[in-house]
Amino acid sequence: MMLHESLKDLPDLWAEAQEIVRQVPRGRVTTYGRVAEALGDRASSKFVWLALTPSERAEDVPWHRVVRSDGSLVGSRSSDTLAEKATLLSGEGVAVTSGKIADFRDLLYDDLKSSSPLSALRAKQMRLRERVKVPRSDVRLSRVAGVDVSYDGNRAFASLVTLDFESEELLDERSRSSEVRFPYIPSYLAFRELPLVAPLVSSLDEETVLMYDGNGILHPHGFGVACHAGIVFDVPTIGVAKRLLCGTLSGGQNANVSKVLNHGEMVGYAVAHGEHKPIYISPGHGISRSQSLFIVRRFLKSRIPIPLQMAHERANALRRSADD
DNA sequence: GCGACAG
DNA sequence: ATCTTGTCGC
């Protein structure tokens, strides 16, 4: 199966972020949020911070000219770059007083040029969203597949398992290792993971629903990774997340299930198994809200549904066995 | 003190 | 997601 058009020719966001930072002149500063906005989404500011870490950035990138939105300096994770940052700025005539840029407003450089790659990706999501179907009635299903991805730096290990819906028997198991080419940015998870799992999903049997570790329509723009997977792989999909991405909980029918509302729309359920923290279930594509809930609960023996738990364990095992 | 956005 | 020792519980 060919990689879907929406997952091809993805931008190199690490390179794009650094190209933006290179535009900040000596003696001026910008913020992680401004660089993120130039990339096309302010929500990518944490990614920008990560991309400027010593191990990630190129030698010629003026990383020290990027500070927090209030003018305060922050270093990178697990390293003492804070002092070096202040020294480099002072050397360019930028005064730093008690950890903050003195004339922050005046020194802000705000003419960052970029092709806004994240805006383009958001536009792709919005176009594909129109194809998502969330039926009212149930569809016939006899198998459940689960996929998950484990990471080791820029290496990814993806696994897919398929179980029989009735017997829970393991029918199929596939795994694959590949290189990561897109960062994790909330609400753009599909662009990071779907290229990695696509080869595993090709030619799934009919009547198989794919369970994905992430969200379906429970997404700030109604198009989570499970929706995207459903469209590009043309299979029914369900999203199962361990943390809430957006929306609010609305009182449920019983103590274990409550609805998730986003902009007034019912987009999924929060389900707590026993005393566990809840998981968040939402339809991806080709399946109803209620059937999504039913299928996940059918495989809920612990906090994580069996198919996802098995895929998770296999992906981890593969990563650990590849250490050497 | 508030916010802390899936993996 | 991953970084990480011992530790608490089924």
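**Rings, strands and domains**

Tutor: Start with a charge and a ring: the charged end of R192 sits over the ring of Y151, 4.2 Å from its centre. Keep in mind that this is a predicted model.

Student: Okay. Which residue lies over the face of F299?

Tutor: R298 does. Its distance from the ring centre is 4.7 Å.

Student: And which ring does F299 form an aromatic pair with?

Tutor: F299 pairs with F165. The arrangement is edge-to-face, with 5.7 Å from centre to centre and 75 degrees between the planes.

Student: Where do F165 and F299 lie?

Tutor: Both are in loops. F165 is between β6 (155–164) and β7 (170–179), while F299 is between α9 (289–298) and α10 (306–321). Those parts are 134 residues apart in sequence, so the pair ties them together.

Student: Is F299 buried or exposed?

Tutor: Buried, because its relative accessibility is 0%. F165 is buried too, with a relative accessible area of 11%.

Student: How many aromatic pairs are there?

Tutor: The count is 3. One of them joins W14 and F47, edge-to-face, at 6.1 Å between centres and 75 degrees between planes. This pair also links distant parts of the chain. W14 belongs to helix α1 (residues 13–21) and F47 to helix α3 (residues 45–51), 33 residues apart.

Student: Why does W14 count as partly exposed?

Tutor: Because its relative accessibility is 23%, and buried means under 20%. F47, at 6%, counts as buried.

Student: How does β5 run against β6, parallel or antiparallel?

Tutor: Antiparallel, with 10 bridges joining the two. For one example, V144 has L163 in β6 as its bridge partner.

Student: What about the turn between them?

Tutor: β5 and β6 form a hairpin with 2 residues between the strands. There, G153 takes a positive phi near 65 degrees.

Student: And how many bridges join β5 to β8?

Tutor: 5. Here the strands run parallel, and β8 is residues 208–213. A145 has L210 as its bridge partner in β8.

Student: Which way do side chains point in a strand like that?

Tutor: In a regular strand, side chains alternate between the two faces of the sheet.

Student: Let's go to α10. Which of its residues are buried?

Tutor: P307, L308, M310, A311, A315 and N316. What covers the buried residues includes β5, β6, β7, β8 and β9 (237–241).

Student: How far does α10 reach?

Tutor: Its 16 residues reach 22 Å from first C-alpha to last. That is close to the 22 Å expected at 1.5 Å a residue.

Student: Stepping back, how is chain A divided?

Tutor: Into domain 1 (5–125) and domain 2 (138–321). Their C-alpha centres lie 33 Å apart.

Student: How many residues of each domain are in contact with the other?

Tutor: 15 residues of domain 1 are in contact with 15 of domain 2.

Student: Last one. Where is P54?

Tutor: P54 is in the loop between α3 and β2 (66–67). With a relative accessible area of 36%, P54 is partly exposed. The C-alpha atoms of P54 and T81 are separated by 8.5 Å, although these residues are 27 apart along the chain.

Note on methods. Residues numbered from 1 in each chain as written. Chains lettered and ligands numbered in written order. Predicted model: local features only at pLDDT ≥ 70, side-chain atom pairs only at ≥ 80, totals over all residues. Heavy atoms only, no water. Phe/Tyr/Trp six-rings, centres within 6.5 Å; stacked < 30°, edge-to-face > 60°. Helix = DSSP H or I, 4+ residues; strand = E, 2+ residues; numbered from the N terminus. Buried < 20%, exposed > 50% of the residue type's maximum accessible area, 1.4 Å probe, protein only. Lys NZ or Arg CZ within 6 Å of the ring centre and 35° of its normal. Pairing = 2+ DSSP bridges. Expected span 1.5 Å × (residues − 1). Contact = heavy atoms within 4.5 Å. Domains from an automatic or database assignment.
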